[in-house]
Amino acid sequence: MARILPDVSRTFAEYLLLPGLTRQEHVPRNVSLAAPMAAFKRGDGTPAGRFHLNVPVVSASMQAVSGVDMATALARQGGLAFVFCSQSIEDQAAMIARVKAHKAGFVRSDTTIHPSSTLRQLLAVQKRTGHSTAAVTEDGTNAGKFLGIITDKDFWEYEDNLDTPVSDHMTPLEKVIHGRVGISLAEANRLLHRHKKECLPVLELDGRLNSLVFKKDYVDHMNNPHELLDADKRLAVGAGINTHDYKERVPALVAAGVDALAFDSSDGYSEFQHDAALWIREKYGDKVVVGGGNVVSAEGFRYLAEDAKLDFVKVGIGGGSICITREQKGIGRGQASALMDVVKARDELYERTGRYVPICSDGGLANDTQVIIALAMGADFVMMGRYFAMTAESPTPKVSIGNRIYKPYWGEGSNRARNWQRYSEDGGEAGNGKLKFEEGVDGYVPVVGTVPEVLGVTLAKLRATMCNLGSLNLSEFSDNATLTMVSEQSIVEGGTSNIIRPETTFGDRE
């Protein structure tokens, strides 16, 4: 007969944290939010060359969430985006390459032009790349002999003859302040400052263009001190993968520079994921971080962490705001119960073997408080979809509904996603143009701000709560956490009562 677990399936909304002693050093500026993403051995911390996040947040591998703009914005805040895999291998690899083109300091030019090209052709290139500064090279490539530079300030689009050549308007090499390969980033920034320039070309000894250094990148770095970079100072980025075409997809993503991979599956407790994970590990070793899931039990975690040798494991089935797996298939578990079960298994594995496998809590996070509860319960980092779908950087277009701005948001298990392979492990429905049933829905979410704005509030709350619990890092936070169950009446008590709130009674004010 079926085995019935004695415990009730719990959610994050059913718990509160008890405060601990806050000492004088427990202030937000002293708090570290660094979190491991790659497995490590006892005593090593996060080993050299392996991967960690600067803030414990990643975005879901979803069409309506994680594109190039999201990956760039989130990496600059210290987190990581998993670019969605429900697209062609070539398109996903191109997205990864575009994110990796953002290098802290020295940037390979993606806006170059031939001197004989017309201003009209230059405008087309600038509009395609979104960059106003173009390097002029002898062959029009970003590695050709450098001849000069041209920006949108060097001509007037509606006054100048757009059929004249770029060479008539560019600043020639002899008048361009530039550096040579070998110059340090600090020296390059000093040249920009001294000569009041926005861009510094860096040339090879033979005069070919090597890279560009921009003032705005210096400003971005100063404004984003926690940005997540690889060993070459490029922005870090992740990618979702599946168990169907991984032998072709993974090599393309690794070649594009991907830092972390995650299997995108509603249920990862499978031999399909096990075999794919071992294939990647055998081919690439520790060169790339590989995570998987999703699971909701200790057994599922141990299978992926020990047998499949994954670097991290995602926890959660059916808890996402657009996921209907539980009602469609009757599988899943309350996110809090699932997470606590897996955290216990992770800690037991660490004690038994000395290998620590980070846990990602994926789904079931309705607000900032629940993000905090998930981390207090032992998640190393959280993955969110709706949260990021509501930001300006998500890849879907804005729409106006009832005088408010929204964005479309849909699940990877919905018909709109056209993601047949993910829900057809045996290949039976893959590619036939339909799903027998959906595990995700299609809707709209309000636009609430940019990634820096929204995430900044969440992380400020997290740091403040960690200080309330006498913790300066996430490991201490989990170790120090004491949680209590809440009743319906205590939830009511915790909200506002017996007052009139102007935004609900009188409407929005100008």
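Predicted model: local features only at pLDDT ≥ 70, side-chain atom pairs only at ≥ 80, totals over all residues.
Local features were taken only where pLDDT is at least 70 and side-chain atom pairs only at pLDDT 80 or more, whereas totals for chains, interfaces and linings use all residues. Residues are numbered from 1 along each chain as its sequence is written, and side-chain values use heavy atoms, with hydrogens and water left out.

Strand 6 comprises residues 80-83, helices (H or I, at least four residues) and strands (E, at least two) being DSSP runs numbered from the N terminus. Both of its faces are covered, with L80 and F82 buried on one side and A81 and V83 buried on the other, where buried denotes under 20% relative accessible area, exposed over 50% and partly exposed in between (1.4 Å probe, protein chains only). Strand 6 runs parallel to strand 5 (residues 57-59), to which it is joined by 2 bridges, and A81 of strand 6 stands opposite S59; strands are taken to pair if DSSP finds at least two bridges between them. A further 2 bridges link strand 6 to strand 15 (residues 238-241), again in parallel, and here V83 has A239 as its bridge partner. Together with helix 1 (residues 68-77), strands 5 and 6 form a right-handed β-α-β unit, in the sense that, with the strands pointing away from the viewer, the path from the first strand over the helix to the second runs clockwise.

In helix 3 (residues 119-129), the buried residues are L119, L122, L123, V125 and Q126. Viewed down the helix axis, these residues fall within an arc of 165 degrees and therefore line one face of helix 3, the arc being that of the directions from the axis to the C-beta atoms. K127 and R128 are exposed on the other side of the helix. The cover over the buried residues of helix 3 includes strand 8 (112-113), strand 9 (133-137) and strand 10 (146-151), with contact meaning heavy atoms within 4.5 Å. Helix 3 is followed by G130, which has a positive phi near 80 degrees.
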